[in-house]
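Hello,

Here is the structure I promised to pass on. Please open it first, then read my notes below.

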There are 2 protein chains.
Amino acid sequence: MNGAVDLPLGQAELSFTAAGDARVRRSVLPSGVRVLSEQVPGSRSATIGFWVAVGSRDEQRADAAHPATYGSTHFLEHLLFKGTETRSALDIAISFDAVGGEHNALTAKEYTCYYAKVQDRDLPMAVEVLADMFTSSLLDPTEFESERGVILEELSMAGDDPGDVANERFFEAVLGAHPLGRPIGGNPETIRSATRDAVWEHYRANYRPQDLVVTVAGAVDHDLLLAELDRALAAAGWDPTVAGRPVDRRSVVPAALEAGPEVSVVARPTEQVNLLLGVPGLVATDERRPTMSMLNAIFGSGMSSRLFQQVRERRGLAYSVYSFAPGYSDAGLFGMYAGCAPAKAGTVASLMRDELERLAEHGVTAEEMRRASGQLAGASALALEDSDTRMSRLGRAELTLGEFVDLDEALRRISLVTADDVQRLAGDLVARPFSLVAVGAIDETAFTGAAAAVAPSSDVA
Amino acid sequence: MNGAVDLPLGQAELSFTAAGDARVRRSVLPSGVRVLSEQVPGSRSATIGFWVAVGSRDEQRADAAHPATYGSTHFLEHLLFKGTETRSALDIAISFDAVGGEHNALTAKEYTCYYAKVQDRDLPMAVEVLADMFTSSLLDPTEFESERGVILEELSMAGDDPGDVANERFFEAVLGAHPLGRPIGGNPETIRSATRDAVWEHYRANYRPQDLVVTVAGAVDHDLLLAELDRALAAAGWDPTVAGRPVDRRSVVPAALEAGPEVSVVARPTEQVNLLLGVPGLVATDERRPTMSMLNAIFGSGMSSRLFQQVRERRGLAYSVYSFAPGYSDAGLFGMYAGCAPAKAGTVASLMRDELERLAEHGVTAEEMRRASGQLAGASALALEDSDTRMSRLGRAELTLGEFVDLDEALRRISLVTADDVQRLAGDLVARPFSLVAVGAIDETAFTGAAAAVAPSSDVA
């Protein structure tokens with residue numbers, strides 16, 4: 001590997017807190033491509049991801065000259081499987097199918113990731129094919145039209161899933177007009193009006209060497225990986241002097257959110273109501289993230305959590321009930337979900353809100369703190385057995401967090417969280433403006449009796 | 001471990017073809033409990049399952065004296081989490097949550113499985129808690145009523161998922177009046193009328209020592225496991241002399257199926273039509289199972305498969321399209337799925353049927369055979385990295401197949417399959433009576449133009 005800068009841990013742009021863990025390495029190729037790998041001893045397979053820090057939030061609103069590009073990131077993701085200068089769509093599919101590999105891609109709000117999981121001997125093939133897709137896709141006009149139909153079917157599938165509909169509406173309700181509030185895939189109108197030229201422009205503007213982050217976990221040799229990537233990317237003839245800095249997600253200021261409607265109902269002739277209740281949460285880099293992990297574990301994650309016990313175990317009101325706390329670069333959410341009978345939706349909304357208020361008022365027990373830290377430690381250890389999780393952790397470190405944190409360090413930070421911290425964060429959350437979304441055979445009046453569930457208890461946002 | 005019979009490989013009731021693989025062991029405790037373990041070198045966690053060969057197919061129709069017990073197996077599965085003589089529901093939940101373990105259960109058509117995935121040090125806890133749930137659950141009447149509500153919500157959730165609805169209807173259509181054709185969870189009427197006494201009777205009749213199969217994969221020591229199980233089960237005071245043989249799924253005769261309706265439509269105001277088309281397939285122990293694996297890989301599994309290429313890649317008619325071939329003790333199915341626009345449903349149904357006919361008529365290429373065997377080998381190797389898959393493989397070997405087949409032997413059998421075998425099986429399938437199920441904004445007339453898709457091409461069943 002000629003000219004690659006192998007940055008020692010702790011001296012790279014990315015900070016590492018896994019001191020002495022030589023199994024995680026980061027390099028920057030002369031072209032600007034960033035490469036992170038984590039070698040897992042004993043592993044016989046590897047997961048590889050090609051990331052770019054562009055997601056649905058980066059798409060443009062309509063203006064006088066242009067239609068909205070909503071959904072173009074996801075459209076592009078599909079098109080990268082449809083053929084390059086040297087490979088047809090079928091060639092790409094055969095490459096992975098012939099070795100029983102998994103390959104797919106994911107468009108998110110702040111990034112796009114093309115990934116594959118293969119046996120160790122097939123990693124060079126995965127590097128070569130993914131590099132070709134990333135650099136040399138044709139976006140053939142005929143394939144473009146055919147894929148438009150596929151994407152419209154994908155949107156229809158999501159539109160038929162009441163949980164998906166509720167989730168998209170919940171982001172809109174809590175985040176208001178913020179770009180993170182928009183659905184990832186666009187909508188049927190923007191997909192029908194999308195042009196090949198606009199998606200091509202998006203591809204050329206955002207898939208440059210300095211935008212690419214490659215992460216690999218499992219059976220990987222970092223130096224061999226650099227050599228394979230170098231060879232595969234050189235073939236694409238990328239110009240490493242192309243101007244422009246990559247998107248920087250790490251150092252943004254939390255957004256001032258304009259709250260959406262308090263109650264948003266989507267009428268559907270379904271048996272259940274899909275109910276979501278929540279508030280703006282923490283950004284991904286908020287230093288209270290370990291506190292949020294503890295709060296979420298105690299409040300709404302697992303069968304022993306307060307939400308599960310109150311809503312399902314004691315009252316039998318729901319099958320699925322939990323809380324969640326996703327974080328992005330400049331905004332986040334804290335949400336509670338339950339699927340319940342329409343006649344019980346008002347009761348369930350009040351119960352969920354009351355439980356959060358109770359946590360804010362009375363705090364958590366030492367026993368709950370002990371249990372939650374055990375839960376986070378054990379669940380993380382099990383999750384990290386999977387090279388998928390480790391591959392994603394590297395991407396998230398590079399693109400969003402700006403630091404790599406290994407399991408020991410993550411658990412050390414968890415261990416510093418106090419019961420007071422958890423109670424204080426709960427108090428902060430209940431003071432934010434609540435949004436309620438319900439999808440089902442129901443209307444807004446179902447929640448008038450549960451007014452406390454949606455009236456913000458203070459004006460502090 | 002006193003008195004446990006450690007059956008050498010190949011001499012047990014279960015036949016082993018993993019000759020020399022000493023990491024898989026099987027023992028039968030004096031009480032009749034069967035124990036299988038697979039030790040995976042380097043693993044730091046384990047997945048454990050408590051199985052019983054009773055599923056929804058074993059439930060009773062209504063008669064003059066009794067209402068139907070449909071759904072009682074699944075109801076019982078829920079109740080085993082609700083408390084024992086010495087543990088409350090919360091105690092059980094805390095046991096696993098406090099160590100970050102995963103624990104859940106699965107009711108299937110021919111078995112029920114309670115399982116947990118934990119770090120190695122927590123395996124003794126998992127053995128103890130699962131043994132307590134299995135032997136000493138109270139089925140408390142108050143908990144019974146509360147859980148009835150939870151199960152009704154679970155059924156509502158499935159009823160709101162058009163894919164679930166289509167799948168249940170498809171089993172009914174293809175298998176007709178066969179007990180495997182019934183939905184696993186019963187229906188709201190049978191759940192509303194279920195009594196605690198009937199479920200208790202089901203529990204006492206089917207959860208005897210000779211019914212229990214325990215399988216563990218990952219970081220497990222077989223002898224320690226036997227000792228832990230012996231201790232945990234002895235505490236339950238099980239009587240090993242209790243009469244009766246366990247359900248035997250291995251040596252049944254394939255059922256004569258009475259085909260359901262040719263076309264079955266469930267009208268729903270959804271955007272997509274969920275379309276399923278298929279025929280009776282192979283039983284789990286059919287010697288053509290390796291041939292079916294090759295056929296399914298070539299025909300409808302993966303992005304390079306014929307179905308994916310014809311329906312999605314060339315025509316953009318669907319996002320999700322694939323084939324599947326589940327096998328049970330005395331019946332099986334071969335099915336094709338697509339989610340598509342209502343206006344295209346007739347076209348898609350014809351395309352799918354035509355592709356299968358084409359395979360039956362013209363066979364497969366040597367290149368497709370080579371690719372499919374690579375796909376099965378690679379995908380199996382990746383799947384077996386997960387102790388969940390290995391734990392399930394042991395259970396399936398004991399309960400359904402009557403033999404344990406390791407990866408090498410499975411691939412050896414795959415390697416013996418010829419292109420002629422695949423073509424012959426396809427010819428056999430297309431000669432069977434086709435059923436078509438559609439869930440969506442559509443009626444039967446949508447398929448009159450696609451009559452070829454549903455008219456059986458011969459009378460051979």
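In chain B, the axes of helix α9 (residues 289-300) and helix α15 (residues 419-430) come within 9 Å and cross at roughly 85°. That makes α9(B) roughly perpendicular to α15(B) (65 to 115 degrees). Axes are lines fitted to C-alpha atoms over the stretch in contact, with angles from 0 to 180 degrees between N-to-C directions. Contact means heavy atoms within 4.5 Å. From α9(B), Thr291(B), Met292(B), Met294(B) and Leu295(B) take part. They meet Asp421(B), Val422(B), Leu425(B), Ala426(B) and Leu429(B) of α15(B). By class, that is 7 nonpolar, 1 polar and 1 charged residues.

A note on the source: this is a predicted model, where local features need pLDDT of at least 70, side-chain atom pairs count only at pLDDT 80 or more, and totals for chains, interfaces and linings use all residues. Residues are numbered from 1 along each chain as its sequence is written, chains are lettered from A in the order written, and side-chain values use heavy atoms, without hydrogens or water.

Now chain A. Strand β10 (residues 273-280; strands are DSSP runs of E, at least two residues) has 8 of its 8 residues buried, so the rest of the structure largely encloses it. Buried means under 20% relative accessible area, with a 1.4 Å probe and protein chains only. Strands pair if DSSP finds at least two bridges between them. β10(A) runs antiparallel to β12(A) (residues 333-340), joined by 8 bridges. There, Leu277(A) stands opposite Met336(A). β10(A) also pairs with β14(A) (residues 435-440), antiparallel, over 5 bridges. Asn274(A) has Val439(A) as its bridge partner in β14(A).

Best wishes

Technical notes: Buried means under 20% relative accessible area, exposed over 50%, partly exposed in between (1.4 Å probe, protein chains only). Helices (H or I, at least four residues) and strands (E, at least two) are DSSP runs, numbered from the N terminus. Angles under 35 degrees count as roughly parallel, over 145 as roughly antiparallel, 65 to 115 as roughly perpendicular and the rest as oblique. Ala, Val, Leu, Ile, Met, Phe, Trp, Tyr, Cys and Pro count as nonpolar, Asp, Glu, Lys and Arg as charged, and the others, Gly among them, as polar.
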